[in-house]
Amino acid sequence: MTAQTPALTEDSTSRFARIREGDLDLTIHFNDAGQGEETVVMLHGSGPGASGWANFSRNVGPFVDAGYRVILMDCPGWSKSDPILCTGSRSELNARALRGLLDALDLDRIHIVGNSMGGHSAVAFALANPTRVGRLVLMGGGTGGVSLFQPMPLEGIKLLQGVYRDPTLENLKKMLNVFMFDASKLTDELIRERLDNMLARREHLDNFVKSLAANPRQFPDISPRLGEIAAPTLVIWGRDDRFVPLDVGLRLLWGLQDAQLHVFNRCGHWAQWEHADAFNRMVIQFLAAGS
Ligand SMILES: O=C(O)CCC(=O)/C=C/C=C(\O)C(=O)O
(Lines give C-alpha, C1' and ligand atoms only; values in the text may rest on other atoms or scores of the structure.)
Protein backbone atom coordinates (compact mmCIF):
# COMPACT_ATOMS: atom_id res chain seq x y z
CA MET A 1 0.00 0.00 0.00
CA THR A 2 1.35 3.48 -0.84
CA ALA A 3 1.20 6.23 1.80
CA GLN A 4 -1.16 9.04 0.85
CA THR A 5 -0.18 12.69 1.25
CA PRO A 6 -2.66 14.18 3.73
CA ALA A 7 -4.83 17.04 2.40
CA LEU A 8 -3.65 20.48 3.46
CA THR A 9 -5.96 21.39 6.30
CA GLU A 10 -5.47 23.25 9.55
CA ASP A 11 -5.70 19.91 11.39
CA SER A 12 -3.33 17.94 9.20
CA THR A 13 -0.61 20.64 9.42
CA SER A 14 -1.08 21.60 13.08
CA ARG A 15 2.05 21.27 15.31
CA PHE A 16 3.37 22.53 18.66
CA ALA A 17 6.90 23.40 19.74
CA ARG A 18 8.37 24.39 23.08
CA ILE A 19 10.59 27.42 22.61
CA ARG A 20 13.19 28.85 24.98
CA GLU A 21 14.58 32.18 23.86
CA GLY A 22 16.13 34.36 26.57
CA ASP A 23 13.42 34.79 29.22
CA LEU A 24 10.71 33.43 26.87
CA ASP A 25 9.64 29.88 27.67
CA LEU A 26 6.49 29.18 25.69
CA THR A 27 4.53 26.62 23.74
CA ILE A 28 4.02 27.91 20.23
CA HIS A 29 1.47 26.53 17.81
CA PHE A 30 2.28 26.50 14.11
CA ASN A 31 1.17 24.91 10.87
CA ASP A 32 3.82 23.12 8.84
CA ALA A 33 3.08 22.30 5.20
CA GLY A 34 5.22 21.14 2.28
CA GLN A 35 8.72 19.80 2.16
CA GLY A 36 10.64 22.27 0.02
CA GLU A 37 14.28 23.07 0.67
CA GLU A 38 13.43 26.75 1.10
CA THR A 39 11.04 27.78 3.86
CA VAL A 40 8.55 30.62 3.86
CA VAL A 41 7.31 31.74 7.28
CA MET A 42 3.97 33.57 7.27
CA LEU A 43 3.14 35.84 10.22
CA HIS A 44 -0.44 36.89 10.90
CA GLY A 45 -1.97 40.20 11.97
CA SER A 46 -3.09 41.34 15.43
CA GLY A 47 -6.88 41.13 15.06
CA PRO A 48 -8.97 39.24 17.63
CA GLY A 49 -9.27 35.60 16.58
CA ALA A 50 -6.44 35.89 14.02
CA SER A 51 -4.14 32.93 13.40
CA GLY A 52 -1.72 31.82 10.73
CA TRP A 53 -4.35 29.62 9.16
CA ALA A 54 -7.11 32.27 9.33
CA ASN A 55 -4.88 34.84 7.60
CA PHE A 56 -3.18 32.63 5.01
CA SER A 57 -5.61 29.81 4.14
CA ARG A 58 -5.73 31.04 0.52
CA ASN A 59 -1.94 31.12 0.18
CA VAL A 60 -0.53 27.96 1.80
CA GLY A 61 -1.51 25.56 -1.02
CA PRO A 62 -0.08 27.60 -3.93
CA PHE A 63 3.23 28.14 -2.06
CA VAL A 64 3.50 24.41 -1.29
CA ASP A 65 2.72 23.63 -4.94
CA ALA A 66 5.50 26.05 -5.94
CA GLY A 67 7.96 23.92 -3.93
CA TYR A 68 8.21 25.75 -0.59
CA ARG A 69 7.90 24.50 2.95
CA VAL A 70 5.43 26.85 4.61
CA ILE A 71 5.38 27.57 8.35
CA LEU A 72 2.49 29.59 9.79
CA MET A 73 3.46 30.69 13.30
CA ASP A 74 0.71 31.65 15.72
CA CYS A 75 2.28 34.52 17.66
CA PRO A 76 2.39 34.38 21.47
CA GLY A 77 -1.04 35.52 22.69
CA TRP A 78 -2.95 34.27 19.63
CA SER A 79 -4.84 31.12 18.74
CA LYS A 80 -3.35 27.91 20.18
CA SER A 81 -0.04 29.49 21.26
CA ASP A 82 0.53 30.31 24.94
CA PRO A 83 -0.95 33.50 26.41
CA ILE A 84 1.34 36.40 27.20
CA LEU A 85 1.23 39.93 28.54
CA CYS A 86 3.32 42.28 26.37
CA THR A 87 4.42 45.51 28.04
CA GLY A 88 7.24 46.31 25.60
CA SER A 89 7.53 46.03 21.82
CA ARG A 90 5.15 43.40 20.42
CA SER A 91 7.15 43.36 17.18
CA GLU A 92 10.33 42.40 19.08
CA LEU A 93 8.50 39.84 21.20
CA ASN A 94 7.18 38.07 18.08
CA ALA A 95 10.63 38.26 16.48
CA ARG A 96 12.15 36.52 19.51
CA ALA A 97 9.43 33.87 19.45
CA LEU A 98 10.14 33.28 15.76
CA ARG A 99 13.86 32.84 16.43
CA GLY A 100 13.01 30.31 19.16
CA LEU A 101 10.73 28.42 16.78
CA LEU A 102 13.33 28.37 13.99
CA ASP A 103 15.95 27.07 16.43
CA ALA A 104 13.53 24.38 17.64
CA LEU A 105 12.91 23.34 14.01
CA ASP A 106 16.60 23.60 13.10
CA LEU A 107 15.86 26.13 10.37
CA ASP A 108 18.66 28.57 9.67
CA ARG A 109 17.48 30.83 6.85
CA ILE A 110 13.93 31.67 5.80
CA HIS A 111 11.81 34.05 3.76
CA ILE A 112 9.10 35.90 5.68
CA VAL A 113 5.66 37.02 4.54
CA GLY A 114 4.16 39.29 7.21
CA ASN A 115 0.65 40.68 7.39
CA SER A 116 0.17 43.90 9.41
CA MET A 117 1.55 43.04 12.89
CA GLY A 118 3.29 40.18 11.08
CA GLY A 119 4.99 42.77 8.84
CA HIS A 120 6.13 44.78 11.89
CA SER A 121 7.45 41.54 13.40
CA ALA A 122 9.22 40.48 10.19
CA VAL A 123 11.12 43.79 10.15
CA ALA A 124 12.05 43.39 13.83
CA PHE A 125 13.28 39.85 13.06
CA ALA A 126 15.35 41.04 10.08
CA LEU A 127 16.98 43.78 12.20
CA ALA A 128 17.94 41.32 14.94
CA ASN A 129 18.86 38.38 12.66
CA PRO A 130 20.07 39.77 9.32
CA THR A 131 21.82 36.60 8.19
CA ARG A 132 18.73 34.44 8.71
CA VAL A 133 16.47 36.30 6.26
CA GLY A 134 16.36 35.65 2.52
CA ARG A 135 13.52 37.81 1.17
CA LEU A 136 10.79 39.79 2.91
CA VAL A 137 7.20 40.42 1.88
CA LEU A 138 5.42 43.07 3.98
CA MET A 139 1.67 43.64 3.62
CA GLY A 140 -0.18 46.39 5.42
CA GLY A 141 2.60 46.69 8.01
CA GLY A 142 6.34 46.89 8.62
CA THR A 143 6.73 49.68 11.14
CA GLY A 144 4.59 51.64 13.52
CA GLY A 145 4.54 55.43 13.51
CA VAL A 146 2.42 58.26 12.25
CA SER A 147 0.75 58.88 8.91
CA LEU A 148 1.54 62.13 7.11
CA PHE A 149 -2.00 62.31 5.76
CA GLN A 150 -4.47 60.64 8.09
CA PRO A 151 -5.27 60.93 11.79
CA MET A 152 -4.09 57.85 13.65
CA PRO A 153 -5.25 55.37 14.76
CA LEU A 154 -7.36 54.68 11.67
CA GLU A 155 -10.97 53.57 12.09
CA GLY A 156 -10.09 49.86 11.61
CA ILE A 157 -7.67 49.91 14.56
CA LYS A 158 -10.26 51.66 16.73
CA LEU A 159 -12.82 49.00 15.81
CA LEU A 160 -10.24 46.24 16.43
CA GLN A 161 -9.55 47.57 19.92
CA GLY A 162 -13.32 47.80 20.46
CA VAL A 163 -13.69 44.07 19.74
CA TYR A 164 -10.92 43.23 22.21
CA ARG A 165 -12.65 45.31 24.89
CA ASP A 166 -16.14 44.01 24.14
CA PRO A 167 -15.92 40.80 22.09
CA THR A 168 -19.44 40.56 20.69
CA LEU A 169 -20.60 39.34 17.29
CA GLU A 170 -21.90 42.83 16.57
CA ASN A 171 -18.50 44.47 17.22
CA LEU A 172 -16.70 41.77 15.25
CA LYS A 173 -18.95 42.40 12.24
CA LYS A 174 -18.29 46.16 12.48
CA MET A 175 -14.54 45.48 12.36
CA LEU A 176 -14.70 42.90 9.56
CA ASN A 177 -16.91 45.24 7.58
CA VAL A 178 -14.02 47.69 7.08
CA PHE A 179 -11.42 44.96 6.63
CA MET A 180 -11.98 44.46 2.95
CA PHE A 181 -12.76 46.79 0.08
CA ASP A 182 -15.79 44.67 -0.76
CA ALA A 183 -17.48 43.61 2.47
CA SER A 184 -19.96 41.49 0.51
CA LYS A 185 -17.14 38.90 0.26
CA LEU A 186 -17.50 38.23 3.98
CA THR A 187 -19.19 34.88 4.31
CA ASP A 188 -21.17 33.72 7.33
CA GLU A 189 -18.63 30.89 7.64
CA LEU A 190 -15.69 33.32 7.85
CA ILE A 191 -17.45 35.43 10.49
CA ARG A 192 -18.42 32.33 12.49
CA GLU A 193 -14.83 30.96 12.39
CA ARG A 194 -13.40 34.29 13.59
CA LEU A 195 -15.97 34.49 16.40
CA ASP A 196 -15.25 30.91 17.52
CA ASN A 197 -11.48 31.50 17.35
CA MET A 198 -11.62 34.65 19.44
CA LEU A 199 -14.05 33.34 22.06
CA ALA A 200 -12.06 30.09 22.43
CA ARG A 201 -9.25 31.97 24.20
CA ARG A 202 -10.69 34.74 26.37
CA GLU A 203 -7.34 35.16 28.16
CA HIS A 204 -5.77 36.27 24.84
CA LEU A 205 -8.39 39.03 24.55
CA ASP A 206 -7.89 40.17 28.17
CA ASN A 207 -4.11 40.14 27.81
CA PHE A 208 -4.28 42.26 24.65
CA VAL A 209 -6.32 44.92 26.49
CA LYS A 210 -3.99 44.86 29.51
CA SER A 211 -0.91 45.01 27.26
CA LEU A 212 -2.29 48.02 25.41
CA ALA A 213 -3.04 49.78 28.72
CA ALA A 214 0.53 49.10 29.92
CA ASN A 215 2.09 50.22 26.62
CA PRO A 216 -0.09 51.89 23.96
CA ARG A 217 2.83 51.76 21.49
CA GLN A 218 2.97 48.00 20.99
CA PHE A 219 4.41 48.54 17.50
CA PRO A 220 7.14 51.20 17.75
CA ASP A 221 8.28 53.29 14.81
CA ILE A 222 11.46 51.65 13.57
CA SER A 223 11.76 53.78 10.42
CA PRO A 224 15.17 55.22 11.46
CA ARG A 225 16.63 51.68 11.36
CA LEU A 226 15.07 50.50 8.06
CA GLY A 227 18.28 51.30 6.15
CA GLU A 228 20.04 48.51 8.05
CA ILE A 229 17.94 45.90 6.22
CA ALA A 230 19.53 44.63 3.01
CA ALA A 231 17.09 41.77 2.33
CA PRO A 232 15.19 42.30 -0.96
CA THR A 233 11.68 43.31 0.07
CA LEU A 234 8.33 43.37 -1.68
CA VAL A 235 5.91 45.77 0.02
CA ILE A 236 2.24 45.13 -0.80
CA TRP A 237 -0.62 47.42 0.19
CA GLY A 238 -4.35 47.85 -0.41
CA ARG A 239 -5.30 51.32 -1.66
CA ASP A 240 -8.37 51.11 0.57
CA ASP A 241 -6.59 49.95 3.74
CA ARG A 242 -8.52 51.38 6.70
CA PHE A 243 -6.23 49.83 9.36
CA VAL A 244 -2.68 50.86 8.42
CA PRO A 245 -2.37 53.71 5.91
CA LEU A 246 -0.69 53.38 2.53
CA ASP A 247 1.91 56.03 3.35
CA VAL A 248 3.47 53.62 5.87
CA GLY A 249 4.23 51.52 2.77
CA LEU A 250 5.89 54.56 1.18
CA ARG A 251 8.00 55.02 4.31
CA LEU A 252 9.16 51.38 3.98
CA LEU A 253 9.97 51.94 0.30
CA TRP A 254 11.97 55.03 1.21
CA GLY A 255 13.90 53.49 4.11
CA LEU A 256 14.71 49.92 3.10
CA GLN A 257 17.87 49.26 1.04
CA ASP A 258 16.22 47.13 -1.66
CA ALA A 259 12.44 47.49 -1.85
CA GLN A 260 9.62 47.65 -4.36
CA LEU A 261 5.96 48.51 -3.70
CA HIS A 262 2.83 47.06 -5.27
CA VAL A 263 -0.53 48.72 -4.54
CA PHE A 264 -3.79 46.91 -5.33
CA ASN A 265 -6.82 49.08 -5.94
CA ARG A 266 -10.18 47.82 -4.69
CA CYS A 267 -8.31 46.24 -1.78
CA GLY A 268 -8.47 46.68 2.00
CA HIS A 269 -6.16 45.38 4.73
CA TRP A 270 -6.05 41.75 3.57
CA ALA A 271 -4.41 41.72 0.11
CA GLN A 272 -3.41 38.06 0.51
CA TRP A 273 -7.08 37.12 0.83
CA GLU A 274 -8.91 39.70 -1.27
CA HIS A 275 -6.52 39.39 -4.25
CA ALA A 276 -5.26 35.89 -3.45
CA ASP A 277 -4.49 34.69 -7.01
CA ALA A 278 -2.56 37.80 -8.05
CA PHE A 279 -0.87 37.93 -4.64
CA ASN A 280 0.28 34.30 -4.83
CA ARG A 281 1.64 34.69 -8.38
CA MET A 282 3.49 37.90 -7.56
CA VAL A 283 5.04 36.72 -4.30
CA ILE A 284 6.08 33.32 -5.66
CA GLN A 285 7.75 35.07 -8.61
CA PHE A 286 9.48 37.52 -6.25
CA LEU A 287 10.79 34.71 -4.02
CA ALA A 288 12.04 32.73 -7.03
CA ALA A 289 14.11 35.72 -8.21
CA GLY A 290 16.92 34.83 -5.80
CA SER A 291 17.86 34.84 -2.15
O1 LIG B 1 -1.74 48.22 14.80
C2 LIG B 1 -1.12 47.82 13.81
O3 LIG B 1 -0.29 48.54 13.21
C4 LIG B 1 -1.33 46.41 13.33
C5 LIG B 1 -2.77 46.05 13.17
C6 LIG B 1 -2.94 44.65 12.73
O7 LIG B 1 -2.03 43.84 12.80
C8 LIG B 1 -4.24 44.26 12.32
C9 LIG B 1 -4.39 43.06 11.69
C10 LIG B 1 -5.60 42.40 11.55
C11 LIG B 1 -5.66 41.20 10.90
O12 LIG B 1 -4.86 40.89 9.89
C13 LIG B 1 -6.60 40.14 11.28
O14 LIG B 1 -7.34 40.37 12.24
O15 LIG B 1 -6.63 39.11 10.64
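Modeller: A residue is termed buried if 20 or more other C-beta atoms lie within 10 Å of its own, exposed if 12 or fewer, and partly exposed in between, with C-beta atoms placed from the backbone. The model is predicted: local features need pLDDT of at least 70, side-chain atom pairs count only at pLDDT 80 or more, and totals for chains, interfaces and linings use all residues. Residues are numbered from 1 along each chain as its sequence is written.

Biologist: How many of the five residues of strand E4 are buried?

Modeller: Strands (E, at least two residues) and helices (H or I, at least four) are DSSP runs, numbered from the N terminus. Strand E4 spans residues 69-73 and is largely enclosed by the rest of the structure, because the buried residues number four.

Biologist: Which residue of E4 is the bridge partner of Thr-39?

Modeller: Strands pair if DSSP finds at least two bridges between them. E3 and E4 pair in the parallel sense over five bridges, whereas E2 (residues 24-33) runs antiparallel to E4 with four bridges. In E4, Ala-33 has Val-70 as its bridge partner, and the partner of Thr-39 is Arg-69.

Biologist: Which residues of helix H12 are exposed?

Modeller: Helix H12 comprises residues 276-288, and its buried residues are Phe-279, Val-283, Phe-286 and Leu-287. These cover an arc of only 95 degrees around the axis (taken from the directions from the helix axis to the C-beta atoms), which puts them on the same side of H12. On the other side of H12, the exposed residues are Asp-277 and Gln-285.

Terms used
Expected span 1.5 Å × (residues − 1).
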